[in-house]
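The sequence and coordinates come first.

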Amino acid sequence: MKIKGIAAAKGIAAAKLFVIDLPQLRILRYTSDPDAETARFEQALSAVIGDLEMLRDTVSGRVSQDDIEILEAHRMMAEDPDFTSSVREMIRSGRCNAEYAANTVGRHIADSFEALDNEYIKTRAEDVRSIVYRINCKLLGIQMPDLSLIREPVIIAAKDLTAADVLMVGREYLCGFATVTGSWTSHIAIMARSMQIPAVVGADNLMRNVRHGDLAILDGSEGCLITDASEDVVREYEEKREQFIHEQNSLYELKDAPTVTVDGHEVEIYANVLPQFEADSFPQTGAQGIGLYRTEFLYLERDSFPDEELQFQAYKEILEGCRGRRVIIRTLDIGGDELPKYIRQDKESNPFLGLRAIRYSLHDPKIFRLQLRALLRASVYGKLAILFPMITTIDELRQAKAYLEEERQILEAEGIAVADDIEVGVMIEVPAAAVSAYALATEADFFSIGTNDLIQYAFAADRMSEKVSYLYQPLHPAVLSLVRMAIDGAHAQGKWCGMCGEMAGDEDAIPLLLGLGLDEFSMSEGLLLSSRKLINSLSYEKTRKLAEEALRKATQEEVEKLVRDFMIENRV
Ligand code: PEP
Ligand code: MG
């Protein structure tokens, strides 16, 4: 059976399916014998404690000490006498079943933690809920998957998958994943491209058609998951896979080549990376710099805020690994589709339009300042550029720069060295910023256009929703106009303009972006060399005319046709 979805990350994998189908537990109350229920509770409790101890032993050495401490905190919560004795007491006095008692006591404790005005204790409420869920799964005989225990190559199939889930799985075992939710620009899809593992998202019929443990083929290029494959189909995909690997290898020759058109117009191709990127491998990627280092993944993979030292080490490592090449590090971009578990934020009805990215940082300057301090300290180890996400008005840029300047002065007063050539850039992700690019460029050193968001905000179409994913139209003339405004605004002030949204690595968009004058293209590692090959085959003068013509079209389809015809005529 072929289950179709959105092709989110290229590549082909064949492995056993690991299906995550977490049920919503329905806990009912019923009257039962207190001795029998107490015994059930004790048994479930010690099984959960045993699981947690085993998990701690298996992951130790592979995850940080902080992560181990979180597991320990969970285990201690399960053993907490306040919790356990209250459950026993409720079973006895209420003559109720164990799961009802555990649930009621757990909810009571979690709510009381949450009501306190203490961030640390508030985060413990999550621990309580997680423990109670585990205990109730044991009581109800529901198997709960533990992704960090995976010890064989798997393709994960899930309704929904978070970045943290993916990070839990040992890198060597994760062959790819398929999800029901998500779109080409959702963070989980971007993550797959960055990790260079195939992924399919937005596969509506996935969960009805997969069985844990079955063999499956995942084709992230075509966007499908195949179960019950016949031998012929398996052979066909093996060939496809070999061809894919062969193409990737032949591109490797372009690793150290410049990115320059046939008529001598030079641009740069950078890589978008996550903190998990091995900085030492930078020279092998063929990238001329790092165009987007998404710091939020440092925050998302953890159970508490990464402290200054941890951040400093991470930034230092990437700066050193890139040996003097520009490294653009984006400050925290949370909110929208990703929020670390330990951040409690009032639920917003439109989180993508709410307290997200720079808005969150300016709202909680303590966290922002700490990140800026870590960045400034690391700046002496390479060529740092700091990028502020989702800037909408020049006032936000001014405020962010003021914090940066204050932190610089504090560090200098402490006698800590800070580089004096740090560039400060603005992400152009909101239409208002694109329209006011000229003004923003007076106070920014560069722009990086974030088309994933720019398109969602320009078309008012949630990037997480499969239902409106038809409105993700990077080649629409409206998008091209906004991109042009950003580039022209930067150039008019003598600044440079890059792009780190997924559009920068889209082979249909590249000739247009080149013609619009984009200076730097930043994309997932897997797309870098084929994009260089494409640019090196084009004439800049001709792409300029192509872009002019595209701006006069009415629809994305018309632009697509224009580009396709252009490629047939002009590719050298
Ligand atoms: C973008 O919006 O284009 C971008 C690069 O940022 P993110 O995808 O992380 O929101
Ligand atoms: Mg964005």
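## A salt bridge within one helix

Asp-565 and Lys-561 both belong to helix α22 (residues 556-570), where they are four residues apart, about one turn of the helix. The two form a salt bridge in this predicted model, with 2.8 Å between the closest N and O atoms. Asp-565 is partly exposed because its relative accessible area is 31%, which falls between the limits of 20% for buried and 50% for exposed.

The whole structure contains 35 salt bridges. One of them joins the side chains of Glu-222 and Lys-2, at 2.8 Å from N to O. Glu-222 sits in the loop between β7 and β8 (224-227) and Lys-2 in strand β1 (residues 2-4), so this pair ties together parts 220 residues apart in sequence. Both ends are partly exposed: Glu-222 has a relative accessible area of 36%, and Lys-2 has 42%.

Arg-369 and Glu-407 also meet through their side chains in a salt bridge, at 2.7 Å from N to O. This pair links distant parts of the chain, with Arg-369 in helix α13 (residues 365-378) and Glu-407 in helix α14 (residues 394-413), 38 residues apart. Arg-369 is partly exposed at 22% relative accessible area, whereas Glu-407, at 5%, counts as buried.

## A salt-bridge network

Salt bridges link Glu-296, Arg-330, Asp-333, Arg-356, Asp-453 and Arg-463 in a network.

## Strand β3 and its partners

Strand β3 (residues 12-20) is mostly covered, with seven of its nine residues buried. Strand β7 (residues 215-219) pairs with β3 in the antiparallel sense over five bridges. Within β7, Ala-216 stands opposite Ala-15.

Strand β4 (residues 154-158) runs parallel to β3 and is joined to it by five bridges. Ala-158 in β4 is the bridge partner of Ile-20.

Glu-236, Glu-238, Glu-239 and Glu-242 form a negative surface patch. Glu-236 lies in helix α8 (residues 231-251). Its relative accessibility is 43%, so Glu-236 counts as partly exposed.

Arg-344 is placed in the loop between β12 (326-330) and α12 (358-363). With a relative accessible area of 26%, Arg-344 is partly exposed. Arg-344 and Glu-114 are 230 residues apart in sequence, while their C-alpha atoms are 8.9 Å apart in space.

Key:
Residues are numbered from 1 along each chain as its sequence is written. Chains are lettered from A and ligands numbered from 1 in the order in which they are written. This is a predicted model: local features need pLDDT of at least 70, side-chain atom pairs count only at pLDDT 80 or more; totals for chains, interfaces and linings use all residues. Side-chain values use heavy atoms; hydrogens and water are left out. Patches are made of residues with over 30% relative accessible area and no salt bridge: like charges are joined within 9 Å, nonpolar side chains (Val, Leu, Ile, Met, Phe, Trp, Tyr) within 5 Å. Accessible areas come from the Shrake-Rupley method with a 1.4 Å probe; for residues, only the protein chains shown count as cover. A salt bridge is a side-chain nitrogen of Lys or Arg within 4 Å of a carboxyl oxygen of Asp or Glu. Lys and Arg count as positive and Asp and Glu as negative; His and the chain ends are not counted. The place of a charge is taken as NZ of Lys, CZ of Arg, CG of Asp or CD of Glu. Helices (H or I, at least four residues) and strands (E, at least two) are DSSP runs, numbered from the N terminus. Buried means under 20% relative accessible area, exposed over 50%, partly exposed in between (1.4 Å probe, protein chains only). Two strands pair if DSSP finds at least two bridges between them.
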